Amino acid sequence: MTRIAVVSDSHGGKLHLARFVEFCRSERVEQVFHLGDIVEDARWLERQLDVPLTYVAGNCDYGAHCAREARVTVEGKRFLLVHGDRYGVKYSYDRLSYYAEENAMDAAFFGHTHRPFAGYVGRALLVNPGALKSGSACLVEVTARDIVPRILDIDEWKPSEAERREEDK
């Protein structure tokens, strides 16, 4: 099993960025996806965390010299990473769903709307972690059989009991 933390729309929110780093370390996240808005936040996270981090530019990342789309394979599952603005996700998830299906993706991760969502649209699993600037993130557990997303509010997240005992030593 691989644990992936997914965020989008951090918009320079330092408090939630720091809290997200704490979350990733405590939850033993093995990989991070940042879905745009703001690429500099993703680069900062990359320097803080000792795990692979894949990021794409969003509509607010003017002049960012990085891709608007990425494809990542984890545990044999194929993931599409986009910001979502180019697929009209504020109005409908259909275009993104069709694009994911046409490209044989197991799931598409997107942001832009600032509204968390996890569900199937057609045959495509679509996941929007919500806006990190508001404390929303997603923890995804991936196995060869399953992709299980869990959207959470990192302001309400508490380290596991085992982690707290470890910190008390």
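Predicted model: local features only at pLDDT ≥ 70, side-chain atom pairs only at ≥ 80, totals over all residues.
User: How do you know which residues of the protein count as buried, and what percentage do they make up?

Analyst: A residue is called buried because its relative accessible area is under 20%. Of the 169 residues, 51% count as buried.

User: Why is a set of residues called a nonpolar core, and how many residues does the largest one have?

Analyst: The name applies because the members are buried residues of nonpolar kinds, such as Val, Phe and Cys, joined through side-chain atoms within 4.5 Å. The largest such core has 22 residues, and Phe20, Phe23, Cys24 and Val32 have the most contacts inside it. At least two residues each come from β1 (2-7), α1 (14-26), α2 (39-48), β3 (53-55) and β9 (136-142). Helix α1 gives the most, with five residues. A second, separate core of 18 residues includes Val6, Leu35, Leu125 and Ile147.

User: What makes a residue count as touching Phe23, and which residues beyond four places away in sequence do so?

Analyst: Two residues are in contact when heavy atoms lie within 4.5 Å. Phe23 touches Ala5, Val29, Leu139, Leu152, Ile154 and Trp157, leaving aside residues up to four places away in sequence.

Key
Residues numbered from 1 in each chain as written. Heavy atoms only, no water. Buried < 20%, exposed > 50% of the residue type's maximum accessible area, 1.4 Å probe, protein only. Helix = DSSP H or I, 4+ residues; strand = E, 2+ residues; numbered from the N terminus.
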